[in-house]
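Subject: Structure handover

Hi,

Here is the structure I promised to pass on. Please open it alongside this email; my notes follow below.

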Amino acid sequence: MSFDMPATIGRATLNRIQALGRSGVFLLVAVYQAFLPPFRIGRLIKEIEFIGSKSLLIVSVTGLFTGMVLGLQGYHTLTQFGAEALLGSAVALSIIRELGPVLCALMVTGRAGSAITAQIGIMKITDQFPALEMMAIDPVKYVISPKILAGIISVPLLTAVFDLVGIMGGYFVGVKLLGVNEGAYFGKMVASVTFTDIYGGILKSLSFGLLIAWISSFMGFMADPTTEGVSTATTNAVVLTSLSILIVDYILTSLLL
């Protein structure tokens, strides 16, 4: 038994490293194929609609209530120090730097990422990839590449909407309900938010969009061609993508500060 444990750990470690290597090659091939003709703009627009516009409602609602909670909590914290005029700065910086990119990405993961994994997994079950190859169509270029590009394009735009709605949610609670001066709310916000804060949020959202499309597509592509395999891959994709978002968020934050 004592000899089996190291062997088991070693096999598990090698399997994880091998899967990581396959995912890296998978991403490189998908990105490379995206820039080779013929360019399927229609497929890209369809994926942007699926990932972006169909996630707009849940992202907006999440941003609104996140801003409202920040406005409420921030007001009661800042009033203890007589600094309620800084509420706009606190809400804007919290959302633009951290909460906007992270919460938006998590919402997109739950709504679009899981669907991407399930869609690709079902295509494997129904043998659609061999059918595409028989028609001289590269499955990676036709199915995967548009999803990768759409994730990179859609998530930053959704994050911008999240930030705007969240700031307005904080404004509604802080100014309209709790009586914070409107000029102070926006004036302190403009003075505090810098280009570095906005740049950091954009960089994070770009990275998260790539992660969502990459991991979700790879997990669906590698799923076992059974209903149980697809359901397991979908669950694993959501969990792995969510953890990756949080880990990458910490890494990028430590580099940007």
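Helix 4 and helix 6 (residues 139–177) pack with their axes 7 Å apart, at an angle of about 145 degrees. Their crossing is right-handed. Sorted by class, this contact has 19 nonpolar, six polar and two charged residues. Please keep in mind that this is a predicted model.

Now the overall layout. The protein chain has nine helices and zero strands. Along the sequence, the pattern reads α-α-α-α-α-α-α-α-α. The C-alpha trace spans about 65 × 55 × 30 Å along its principal axes.

Back to helix 4. This helix covers residues 87–125, which is 39 residues. From first C-alpha to last, helix 4 reaches 53 Å, close to the 57 Å expected at 1.5 Å a residue. Helix 4 also has a bend of about 55 degrees, located at Ile95.

Helix 3 (residues 56–78) is another partner of helix 4. The two pack at an angle of about 145 degrees, and their axes are 9 Å apart. Helix 3 passes helix 4 in a right-handed crossing. To find the contact on screen, pick these residues:

- From helix 3: Ile58, Val59, Thr62, Thr66, Gly67, Leu70, Gly71, Gly74, Tyr75 and Leu78.
- From helix 4: Leu87, Val91, Ser94, Ile95, Leu99, Leu103, Cys104, Met107, Val108 and Arg111.

By class, the contact of helix 3 with helix 4 divides into 13 nonpolar residues, six polar and one charged. An α-helix has 3.6 residues a turn, so residues three or four places apart point the same way.

Next, helix 1 (residues 4–34) and helix 8 (residues 195–221). Their axes come within 10 Å and cross at roughly 115 degrees. Angles of 65 to 115 degrees count as roughly perpendicular, and helix 1 and helix 8 are therefore roughly perpendicular to each other. This crossing is right-handed. Helix 1 contributes Ala19, Arg22, Ser23, Gly24, Phe26 and Leu27 to the contact. Helix 8 contributes Leu210, Trp214, Ser217, Phe218 and Phe221. The contact of helix 1 with helix 8 comes to seven nonpolar, three polar and one charged residues.

Two backbone details are left. Most residues other than glycine have a negative phi, and most peptide bonds are trans.

Where does the chain have a cis peptide bond? Look at the bond from Pro37 to Pro38, where omega is near 0 degrees. Pro38 sits in the loop between helix 1 and helix 2 (41–51).

Which residue takes a positive phi just after helix 4? That is Asp127, at about 60 degrees, although Asp127 is not a glycine. Asp127 belongs to the loop between helix 4 and helix 5 (128–134).

Best wishes

Technical notes
Residues numbered from 1 in each chain as written. Predicted model: local features only at pLDDT ≥ 70, side-chain atom pairs only at ≥ 80, totals over all residues. Heavy atoms only, no water. Helix = DSSP H or I, 4+ residues; strand = E, 2+ residues; numbered from the N terminus. Expected span 1.5 Å × (residues − 1). Bend = angle between axes of the 7 residues up to and from the residue. Axes fitted to C-alpha atoms, helices over the stretch in contact; angles between N-to-C directions. Parallel < 35°, antiparallel > 145°, perpendicular 65-115°, else oblique. Left-handed = near helix turned anticlockwise from the far one by under 90°. Contact = heavy atoms within 4.5 Å. Nonpolar A, V, L, I, M, F, W, Y, C, P; charged D, E, K, R; others polar.
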